[in-house]
Amino acid sequence: MDPVADSIEVIDPSTEQVITRLPAAGVEHADRAVARAKAAFATWRNVTAGDRATILRRVGVAVEEQAVSLAQLESRNVGKPISDALGEVGMVAATFAYYAGSPERLTGKTIPVPGGVNVTFKEPMGVVGLITPWNFPLAIASWGVAPALAAGNTVVLKPAQLTPLTAIELERIALEAGLPEGVFQVLAGPGSLVGERLVEHPDVAKIGFTGSTEVGKRISIRASETIKRVTLELGGKSANIVFADADLEQAAAAAPGAVFGNAGQDCCARSRILVERSAMDDFLGLFSANVAAMKVGDPMDKATEMGPLITAEHRSKVASFMDDDTTVVARGTAPDGPGFWFAPTVVTPNSPGARAVTEEIFGPIACVLPFDGEEEAISIANDTVYGLSGSIWTENGARALRVARALEAGTLSVNSNWSVRVATPYGGFKQSGIGRALGPDALDYYTELKNVYIATG
Ligand code: NAD
């Protein structure tokens, strides 16, 4: 959980320098924001669908116009490579553009019944509280803000204390784009105060939470006191499954990005690489060479592929996974300090219970495991409490589909390490979450279904 203080010191993790200090919001700020959001809901819900669409479209255009400065801010605050940050900001603009198309398509059904007809409506819920993590601050905020506003809700967003800057910029952009006061507010403050208050507040209808499974469980329990609607996008321990019949060069070229992207601080990180035993030596040789060649360093350099970790404390946690239960088989490079650097590292486990095999690492450590045949690959991949993501590498199309159907995970890719797209549903099975973000399905999680019977006599 976040520390509690009167102000938030925002740090550049690649230099350890303070970027800025912000006042920290507390419980009373959360109460005021919810009251404003509740008042704003009364008008926003009645703004015509066409006008809501126009404003959302303008937000998307403004994000696109300010993409470079937003990406630079994100890169500096999170320590992520500028090329990644630019891609994420592009996705934010696309997310607003996509959901700008939805207010006018939020249609219900007509259902003929004896004696009359039933009509259904997708109604907005009211005030939505969004609580987001520090790893993809602006992108994840947009995945909640855009569909929630499109459906006619108002939003109070609490970004992570470590990386609140681009969310604050998004609030400014939205106001300049014509979003009425109070419809979208950002409150930077600790989860234990602002986050908890949003979760317990009787006037908040729904919580959209993205973060750790540990905090997600607590939110789930607290939200039940007011029967709040909750969507949870939580942790993962995803598998990258490489069959011997795969294009090994392609699989080995993609594997570093699949686990070391965002310095491994990615809920979708494929941190378990399962390789069919007969292909292990070849794959490991190719993969290790690619890891050694990774460019780790200054996030502002366009050629950089991996930046630092978010804090010194987080780096210690990641380092703790390199224990007696693991053997290092390959390691890339990382600059000396300042900055919270950690070289991309490949390990093999010395025991099946190694923490690197069972726990979410959330850092640049990949654990490579052998398997024999399809059945064992599926069994190892599913042997986790999580079920977020994963990849399958094979040239056999029927096998790809068979394995994909058998995996207990919500967001998979075949012969690719990328499965998160604006137009497709994203989310997890098991303890990786409840509900889906993105795509058309996300709107169901920001609306209530109303059924009205009309007697026609
Ligand atoms: P976190 O759970 O520590 O914090 C997430 C947010 O919750 C922050 O804004 C934090 O201030 C707030 N919070 C903390 N305690 C709270 C409480 N008691 N009540 C309400 N809010 C509270 O997670 P993190 O360290 O910021 O992010 C890393 C975790 O997030 C990883 O486990 C990662 O897998 C997960 N994650 C999941 C997804 C996904 O889409 N599934 C995406 C990104 C990150």
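Modeller: Helix 4 (82-100), helix 5 (137-150) and helix 9 (248-260) each give at least two residues to the lining of the second largest pocket. Keep in mind that this is a predicted model.

Biologist: How much space lies in the second largest pocket, and which residues are closest to its centre?

Modeller: The space comes to about 670 Å³. The lining has 30 residues, and the closest to the centre are Asp84, Gly257, Gly261, Asp266 and Trp418. By class, the lining splits into 16 nonpolar, 9 polar and 5 charged residues.

Biologist: What makes something a cavity here, rather than a pocket?

Modeller: In a cavity a 1.4 Å probe fits but cannot get out, while a pocket is an open set. By that rule there are 3 cavities of 30 Å³ or more. The largest cavity has a volume of about 170 Å³. Of its 17 lining residues, Gly144, Thr210, Glu233, Ala437 and Tyr446 are the closest to the centre.

Biologist: Which elements supply at least two residues of the lining of the largest cavity?

Modeller: Those are strand 5 (127-131), helix 5, strand 8 (204-210) and strand 9 (229-233). The lining of the largest cavity divides into 10 nonpolar, 5 polar and 2 charged residues.

Biologist: And what lies nearest the centre of the second largest cavity?

Modeller: Arg272, Ala381, Ser389, Glu408 and Ala409, out of 17 lining residues. Helix 13 (373-382), strand 15 (386-387) and strand 16 (389-393) each give two or more residues to that lining. The second largest cavity holds about 90 Å³ of space, and its lining has 7 nonpolar, 6 polar and 4 charged residues.

Biologist: On to the helices. Why are helix 2 and helix 6 called oblique to each other?

Modeller: Helix 2 (residues 49-65) and helix 6 (residues 165-176) pack at about 125 degrees, with their axes 9 Å apart. Roughly perpendicular covers 65 to 115 degrees and roughly antiparallel starts over 145, so helix 2 and helix 6 count as oblique. The crossing is right-handed. Val59, Ala62 and Val63 of helix 2 make the contact with Leu170, Ile173 and Ala174 of helix 6. The contact residues are 6 nonpolar, no polar and no charged.

Biologist: What makes helix 1 oblique to helix 7?

Modeller: The axes of helix 1 (residues 27-44) and helix 7 (residues 191-200) come within 8 Å and cross at roughly 40 degrees. Roughly parallel needs an angle under 35 degrees, and roughly perpendicular begins at 65, so helix 1 is oblique to helix 7. Helix 1 passes helix 7 in a right-handed crossing. On the helix 1 side the contact uses Val27, Ala30, Asp31 and Val34, and on the helix 7 side Leu193, Val194, Arg197 and Leu198. By class, that contact has 6 nonpolar, no polar and 2 charged residues.

Biologist: How do you know that the bond between Gly337 and Pro338 is cis?

Modeller: Its omega is about 0 degrees. Pro338 sits in the loop between strand 12 (326-331) and strand 13 (345-349).

Biologist: And why point out the phi of Ile227?

Modeller: Phi of Ile227 is near 45 degrees, a positive value in a residue other than glycine. Most residues other than glycine have a negative phi. Ile227 lies in the loop between helix 8 (213-223) and strand 9.

Methods
Residues are numbered from 1 along each chain as its sequence is written. This is a predicted model: local features need pLDDT of at least 70, side-chain atom pairs count only at pLDDT 80 or more; totals for chains, interfaces and linings use all residues. Side-chain values use heavy atoms; hydrogens and water are left out. Axes are lines fitted to C-alpha atoms, for helices over the stretch in contact, and angles run from 0 to 180 degrees between N-to-C directions. Helices (H or I, at least four residues) and strands (E, at least two) are DSSP runs, numbered from the N terminus. A crossing is left-handed if the near helix is turned anticlockwise from the far one by less than a right angle, and right-handed if clockwise. Contact means heavy atoms within 4.5 Å. Ala, Val, Leu, Ile, Met, Phe, Trp, Tyr, Cys and Pro count as nonpolar, Asp, Glu, Lys and Arg as charged, and the others, Gly among them, as polar. On a 1 Å grid over the protein atoms alone, a cavity is a set of points where a 1.4 Å probe fits but cannot get out, and a pocket is an open set with protein on both sides within 12 Å along at least five of seven lines; lining residues have an atom within 4 Å of a point. Grid points are joined across faces, edges and corners, and a volume is the space filled by probe spheres set on the points.
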